[in-house]
Amino acid sequence: MSDLLLPPGTRLLHIGPHKTGTTALQIALGKNREAMLKQGVRYVWGGEHLNANLAALAVAKRPTRRFSSAKPVPIEHWTTLVEKVTRALSEERIMISGEEFCSANEATIEQIVRELLIDRIHILITLRPLERIMASQWQQYVQAGAVTRSLEEWLESAFNNETDIENIKRFWIRHRHDALVHRWSERVGRDQVTVLILDERDKSYL
């Protein structure tokens with residue numbers, strides 16, 4: 001395992017995507033933050049949830065359902081996160097996790113890696129097979145009222161690449177996994193990106 005140990009001062013940014021065990025991981029990180037800190041690892045998040053999703057939405061200038069209007073999340077959520085990272089001890093390894101980072105475009109990625117310091121950042125991407133993701137994503141869209149069609153109809157639209165439908169477009173931004181890895185590795189370099197393929201047989205693997 002020692003060959004996987006990141007150098008002191010690394011900012012490890014876990015960007016998801018969604019439906020790859022992100023919530024379970026973030027809860028585990030949040031509950032164990034004191035034990036991690038004793039080992040020189042500082043878990044940083046913002047808001048009431050144990051993740052950095054509000055910061056991710058803020059830097060991307062995107063809204064969230066938590067706010068009543070379609071206005072972007074206030075940029076303070078991002079700047080506060082950056083300040084927490086900056087105040088950390090130079091030898092501490094920093095852990096940040098927010099699946100909303102996976103939807104960042106090239107310009108947003110540029111800002112993220114610049115403000116978190118490109119020479120210190122390392123990107124973690126967790127992946128599962130699409131067959132394990134799509135039904136769960138459809139169910140969540142239905143619960144949110146974003147989709148009213150059957151699973152079969154939604155899958156047909158997704159695989160026909162009907163990106164004029166907003167939820168289909170958003171899904172493929174997250175889950176064209178080859179494009180997701182490419183977007184980030186193009187900016188930070190392949191050596192600063194780790195892709196973790198989840199083991200469906202071992203729920204504790206992540």
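**Reading the labels on this model**

Colleague: What makes K19 partly exposed?

Modeller: K19 has a relative accessible area of 22%. Buried means under 20% and exposed over 50%, with partly exposed in between (1.4 Å probe, protein chains only), so K19 at 22% counts as partly exposed.

Colleague: Good to know! What should I keep in mind as I read on?

Modeller: This is a predicted model, where local features need pLDDT of at least 70 and side-chain atom pairs count only at pLDDT 80 or more, while totals for chains, interfaces and linings use all residues. Residues are numbered from 1 along each chain as its sequence is written, and side-chain values use heavy atoms, leaving out hydrogens and water.

Colleague: Where does K19 sit, and what is its phi?

Modeller: K19 lies in the loop between strand 1 and helix 1, and it has a positive phi of about 70° although it is not a glycine. That loop also holds P17, and the peptide bond from G16 to P17 is cis, with omega near 10°. Helices (H or I, at least four residues) and strands (E, at least two) are DSSP runs, numbered from the N terminus.

Colleague: And N161, why is that one partly exposed?

Modeller: Its relative accessibility is 46%, so N161 falls in the partly exposed range. N161 is in the loop between helix 7 and helix 8 (166-175), with a positive phi of about 60° although it is not a glycine.

Colleague: How do you know how helix 6 lies against helix 7?

Modeller: Helix 6 (residues 130-143) and helix 7 (residues 151-159) pack at an angle of about 110°, their axes 11 Å apart. Therefore helix 6 is roughly perpendicular to helix 7, a label for angles of 65 to 115 degrees. Their crossing is right-handed.

Colleague: Which residues meet there?

Modeller: From helix 6, M134, A135, Q137, W138 and Y141 meet L151, W154, L155, A158 and F159 of helix 7; contact means heavy atoms within 4.5 Å. These residues divide into nine nonpolar, one polar and no charged.

Colleague: What stands out in the largest nonpolar core?

Modeller: Among its 33 residues, L13, W78, I96 and W184 touch the most other members. Helix 3 gives the most to this core, with six residues. A second, separate core of nine residues includes M134, Y141, V147 and I168. Such a core is a set of buried Ala, Val, Leu, Ile, Met, Phe, Trp, Tyr and Cys residues joined through side-chain atoms within 4.5 Å.

Notes: Axes fitted to C-alpha atoms, helices over the stretch in contact; angles between N-to-C directions. Parallel < 35°, antiparallel > 145°, perpendicular 65-115°, else oblique. Left-handed = near helix turned anticlockwise from the far one by under 90°. Nonpolar A, V, L, I, M, F, W, Y, C, P; charged D, E, K, R; others polar.
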